[in-house]
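The points below are grouped by topic.

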Amino acid sequence: MDFNTVSDLVHLAWLAGAACFVIGLMRMNSPATARNGNLLSAGGMAVAIAATAILLLVQPTADGSVNGTGWAIVVVGILVGGGAGLYSARTVKMTAMPQLVSLFNAVGGGAAALIAIDDYLGLKAVPDPQINVATVLDIVIGSITFSGSLIASGKLQGLIAGKPIMIPGGRIVTAALAVITVLGTVFLWGGNLSVPVMLIILAAALIFGVTMVLPIGGADMPVVISLLNSFTGTAVAMAGFVLGNDVLIIAGALVGASGAILTKLMADAMNRSVLNIMIGGFGGGEGTQTAGGGASGAVRAIGADDVAIQLAYAQHVIVVPGYGLAVAQAQHAVRELAELLEERGVDVKYAIHPVAGRMPGHMNVLLAEANVPYPQLREMDDINPEFERCDVALVVGANDVTNPAARRPGSPVSGMPILDVDKAHSIVVIKRSMGRGYAGIDNELYTNPKTGMLFADAKDGLAALTAAVKAL
């Protein structure tokens, strides 16, 4: 079989892989099919990688020999990269999943930028404008994604303070970096080959990624992760144009477009524009207020036995999970309690807020890992009308997304769509302390006369409730 025939077959394999990406993305539209969709997309990528490796193996070199060095590099890359990815995916805790996603974004953006840099350094004459545009955009977007994602991951991991870090004159610096990047990009687009200018653009883009993410607080990290994911996809698409690889173009375009849509949806869920979020300065990590009262009123503490009685004899219970559930790794404990209540004839549902947790879909993934039935996971718009008919709303580690202050102007969360927990007949909040959420304000739900505070770690509190219900 000659090289041209193999090349045609490889291109068909690339298109087949791209088709798997599209179908897999469609299947991710529902929690019930998302896992199969993810496997289908991974299978498509495996086909694309294998086809590329085969093309490299049969591609003749100048002397007609096999490109053994290139083939060895591909094999080593697959073993090292695949092994690292497999290890990290199997060992990462669910609470650290947002950090891992940010690192993956950084790797994708950095790899795309390196491809473009190598291509630019290899240019010997005035390049085709179409190729030059893709190359320069790849360097800029990939570099911003790389450094910005590393900062986001550091904030989520606690290596960098989660609160907004305002650099003196930071906005001026960021604006200047943007101007430098744009002017340098225009210069290179004009067909001018200049390695020093390319390096200046690279440095400006890397610093821009840092100064862009540092001033953004922890409350906005889900939106930032989604936006950087979109940047990664766009950079990969640009790398596809640089290499002339159809599967990279299609895969990158899918990730870029879906990430941009998700970013807009996440921003809408916080009632803020993407531009407002990127300008920065919202939220600053949990406060240190202790249990026993808050600035806005008295708090009613409640014991596990009293809560168990409410839950066991209720007809409708809505569980509201938040980041505290993830920190305590209490997803299995909440499922066990829910199953026990269902055996007693209680109708149990889960209210999922779009920005609960630290990344898009964090609560969905967390509860799916515990094999919570998909139909019980209800999005905010679907579940909110049911709170008025709910006997008990059980809030586990959720804070800002349940704060009624969002309905009142003048609050940092004003206008943010929230879960209507305060409309339930009775409210129970499991929380370690009266610490504030990322918005840095007291939650008015906690001083509601209908609210009882069960001060405990989420996992321990749920275990105590399960034991108390069993004892009834």
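**Helix 11 and its cover**

The buried residues of helix 11 are covered by elements that include strand 1 (316-321), helix 13 (331-343), strand 4 (392-396), strand 5 (426-431), strand 6 (451-455) and helix 16 (458-471). The model is a predicted one.

- Helix 11 spans residues 304-312, and its buried residues are Ala304, Val307, Ala308, Leu311 and Ala312.
- These buried residues line one face of helix 11, because they fall within an arc of 125 degrees when seen down the helix axis.
- As a general rule, an α-helix has 3.6 residues a turn, so residues three or four places apart point the same way.

**Nonpolar cores**

- The largest nonpolar core has 66 residues, of which Val320, Phe387, Val395, Leu419 and Val421 touch the most other members.
- The element that gives the most to this core is helix 7 (residues 195-213), which supplies 9 residues.
- Another core lies apart from this one; it has 42 residues, including Ala328, Val334, Ala338 and Val469.
- Leaving out residues up to four places away in sequence, valine 320 touches Ala351, Phe387, Leu394, Val395, Val396, Ala398, Thr402, Leu419 and Val421.

**Alanine 18**

- Helix 1 (residues 3-27) contains alanine 18.
- Alanine 18 counts as buried because its relative accessibility is 3%, and buried means under 20%.
- Val247 and Ile250 are the residues that alanine 18 touches, when residues up to four places away in sequence are not counted.
- Alanine 18 and leucine 254 are 236 residues apart along the chain, and their C-alpha atoms are separated by 9.5 Å.

**Helix 14**

- Helix 14 (residues 362-369) is largely enclosed by the rest of the structure, because 6 of its 8 residues are buried.
- The buried residues of helix 14 are His362, Met363, Asn364, Leu366, Leu367 and Ala368.

**A nonpolar surface patch**

- On the surface, Val75, Val76, Leu79 and Val80 form a nonpolar patch, and together they have about 360 Å² of accessible area.
- Valine 76, one of the patch residues, is found in helix 3 (residues 68-91).
- Valine 76 counts as partly exposed because its relative accessibility is 49%, and a residue counts as exposed over 50%.

Notes: Residues numbered from 1 in each chain as written. Predicted model: local features only at pLDDT ≥ 70, side-chain atom pairs only at ≥ 80, totals over all residues. Heavy atoms only, no water. Core = buried A, V, L, I, M, F, W, Y, C linked by side-chain atoms within 4.5 Å. Buried < 20%, exposed > 50% of the residue type's maximum accessible area, 1.4 Å probe, protein only. Helix = DSSP H or I, 4+ residues; strand = E, 2+ residues; numbered from the N terminus. Contact = heavy atoms within 4.5 Å. Arc of directions from axis to C-beta. Patch = residues over 30% accessible without salt bridge, like charges linked within 9 Å, V, L, I, M, F, W, Y side chains within 5 Å. Areas by Shrake-Rupley, 256 points an atom, 1.4 Å probe, with all protein chains shown as cover. Salt bridge = Lys/Arg side-chain N within 4 Å of Asp/Glu carboxyl O.
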